[in-house]
Amino acid sequence: RLSWSEAPATTGEMPAPDVLAHVKSLLASTSVDEEVREYVGDMASELLTEGEPGRSAEAMVEELVDAAGPMLGEFIDDAAIAALFQSAVRHFTGGEDGEGPHALAAGNDDDRSIDLCLDLRGIILAFAGKVLLKPTNLRLVRGGKYGVVGQNGAGKTTLLTRLAAGDIHGWPKDLRCVFVQHEVLAAEETSVLAFVEAHAVETGADKSDAVSCLEAVGFTQDSMRKTVAQLSGGWRMRLALARAMLQKADLLLLDEPTNHLDVGAVEWLASHLISLAHTTVLVVSHDYDFLADVATNIVHFEDQTLTAFEGGFQGFRREKPNLVLPRMKKHLVDEIEKRAAADGVAAVGHGHDASNAGERSSKMRSAALAGVSLEDLGTRASARGGGGFASAMSSGLGGGVAKSAQAKPLISFPDPGPLDGIKNRQQVVLRVDELGFAYPGAHAPVLDGVNARVTLSSRVAIVGANGAGKTTLLKNIVGELEPGSGSIWKHHNLRVSYIAQHSMHHLESNVDMPPKEYIQNRFFLGRDKELAAMATMEMGDDDRAAMKVKGNVCEILGRAMKGGSLCYEVRKTGDRPGVTRWEPAEFLKAPYVAKMTRHYDEKLKASQSGLDIRPLTSAEVYAHLSDFGISRELADGKIKRMSGGQKSRLVLAAAMWTKPHVIALDEPTNYLDNETLAALTEALRKFKGGVLTVSHNAGFVADLCTDSWRVYQGKVTSSQEGAGAGAGKRSAAARRKARADEKEAAKVSESADADVNENESSGRGAFAPGSVDVDRTVTGVLASRPTAIDLRIEQFSMQVNGQELVRDCALELNAGRRYGLLGANGCGKSNLLAAIANREVPVPAHLDVYHLREEAEPSQRTALQAVVDHIEREVNRLQALEASILSEGGVGDERLQPLYERLEALDPATFESRAAELLHGLGFDRAMMRRATEDMSGGWRMRVALARALFAAPALLLLDEPTNH
């Protein structure tokens, strides 16, 4: 039962440890024995914090005197005893020292000028009979941005849930509170726009705001017409945010909002939350970089108390310098370590001790495979007690003492065991050949001609833009979706486990079960019930009807290698009893028979893993769950009472019960605290099978993966092989077709390049003015993060031909904004644009700049061809930049995600139609589009140049007098 009790504001201001210390300090100057002081302090602390709510101060003093007076009477008189406990009660209620650390506020009670959004006193939070929060004040300033941090299971999500319900004494009736708990999980076939409009009607919001809210989170007119079911996890989270925006909340509650969001979307979300000047935001997140950008205050949820830290996450770091923060970028971790060293505190997490040298060497070799140095990857995550990295989260983000190397890891994966015929971990155990897949009703396939291969040593990150098809590829590989074309071969004894993007999907129908019972029920009789329910294995009515047709296969009885071919022993409908026959696997192509052979294969795999003899006794299940940090107490409680992180560990434990050879993880870091994330990373590194993962967590990918498969416009490319993720295994016909396509592309590229005017600068807009004839000196310091999509240059100065035009200014350009540049002739406007375009100021390489100054060059290419040629060169440039980033920063480099988004938007199949649409908007008719640019006036060639710029849609578009001509 979930309860939220209220106690009057006169109780519960100080936590138990402070009362204990206060009482002991008062008794230190008396003749009371040390053991008695300790005992009385403990007793006073317990009676005050766990006593009946609603007591007056006099009643608390009387209770303490009655309990401890006889013991203290041997040392001090009655007046001293009464004075002692009156002081203890005043200290507990905050009357002696002001508000205690329980009180959560951005200002003092006496400051009447503060505009409070919420002011709750003496609240107590309990869940399933367990106290999560002792009597506490909750005061939130209007417009404040509060980040909530703490271990999984502390009660962060429960706190937000109860606030969202609003069923608390003293809750303001007119307060509009909106809770974004997770991405939209509905699999509706209605369009995105209709879905939001329907929500507006339900909540009484303005239906006309639906389009503007969707556009604000990145939806286009085309994507608004998609159904909700077609959206990826990242776009579903954006949809949830758009739905929340409709209600114009006074208090916005967010639970792990960055889950499923790529780098660009997280940057946008941070900017959006900061812009909500009159909305109070309370956000639970393990993404500390996000909190550093957003939060004005940090609330630390630990030991049933809330402690507020002012100064945002930076202030929290100053107070808690000895943290292990595997989610933070390296430059932030370096800053923490620097501050800790300056304060004389040993920051946890260096991992440079001698005993860890072997592990560090292994990490360096792994990182080298991904083309990245160990130092570039930032902080390394590890299991609890795994050498130099011990998670401070286990001691409440506090810095405590690191666990010993001998301590049991929080997460331990079982050994999958050998596979017949597989002599080493580099042999292929799963192969994808020419895979194609399209969702029903879709205009184009999501995957087309995909080739990939997996070994037991694979550590693969599947990357790409939101909606590119990463999850679709993973679902095809594990068997949750049926391929539309091509084939997926797996070793006949290969066991594959899959953890879905929406990990609670695995638990949603079992939330009233205890975790122990869930494991026992799911794997009863040695079979995984969830595996049998997959689309590629579930037997429908049509399949069962086909089995009854005379001459059709109705039962699979055995499997063996005969004459070098894999064969199955089958019984057919109408055969005499006892008559069976052996059929080669390649002859058993009927869909229902393929499902039957898969069922039989899974039965044998279960036998090989030991599931048929692995007992589902309570003791065995308890032991397995403990390998994933789930205690016996949690194992016997109901699943619905577990926190998000604990549920994630349960999903992991269930997936590993079968001892899989390959594990497929879709966004596995969602809902995990730092301790669990570190433990998961270390366990996956030590795992003796293959790993496929989809994740936007750059640190996790950099720590774990040695290869990446980029999903781009239906194709998959491996960073390790520089071609299809299984190029060496493609059919001869596929290889011939690929070579022919490459030759044709080369001819087109050569033809286009021959027509390009030499004055064009690297395919990125027109020639920069003054780059040859102008003596220009520019200085400035990059103040924004090197990976950010916003740009801020400080101490910016510019001299042209010895004349100072700009002196010591701050230049700030934010993504999505439109800036007009005004000034007298000769003041330096064009030179400023040229300096930015030529990167004479420190513009990060991942921010692509397009500088348009002149009309398109005259040539024999038509207007349409001139636009398409330019975009093809832009795609080549972006692909070269991708290769450079991969070699420099590895597969986990966060600069890759916005690059993938750009490449996904530039679909070659739509080049001509999009170019024609842009030219039409600029006044071209069909005949004009087919005219050579050399036959056009300067005004029409300027329109061609504008079409190129609009098509390229760069991060930074610089236009110098675009309306000329």
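Predicted model: local features only at pLDDT ≥ 70, side-chain atom pairs only at ≥ 80, totals over all residues.
1. In total, the structure holds 25 salt bridges. Three further pairs are taken up below.

2. Lys 640 and Asp 512 form a salt bridge, with 3.0 Å between the closest N and O atoms. Lys 640 sits in the loop between helix 21 (632-636) and helix 22 (644-655), and Asp 512 in the loop between strand 14 (496-499) and helix 16 (515-522), so the contact ties together parts 128 residues apart in sequence. Lys 640 is partly exposed, at 43% relative accessible area. Asp 512 is partly exposed too, at 47%.

3. Glu 855 and Arg 941 also meet through their side chains. This salt bridge spans 3.6 Å, N to O. The pair links distant parts of the chain, 86 residues apart. Glu 855 lies in the loop between strand 25 (849-852) and helix 27 (863-889), while Arg 941 belongs to helix 31 (residues 938-952).

4. Glu 855, at 27%, is partly exposed.

5. Arg 807 pairs with Glu 804. The closest N and O atoms of this salt bridge are 3.5 Å apart. Arg 807 has 60% relative accessibility and therefore counts as exposed, since that class begins over 50%. Glu 804, at 40%, is partly exposed.

Definitions and conventions. Residues numbered from 1 in each chain as written. Heavy atoms only, no water. Salt bridge = Lys/Arg side-chain N within 4 Å of Asp/Glu carboxyl O. Helix = DSSP H or I, 4+ residues; strand = E, 2+ residues; numbered from the N terminus. Buried < 20%, exposed > 50% of the residue type's maximum accessible area, 1.4 Å probe, protein only.
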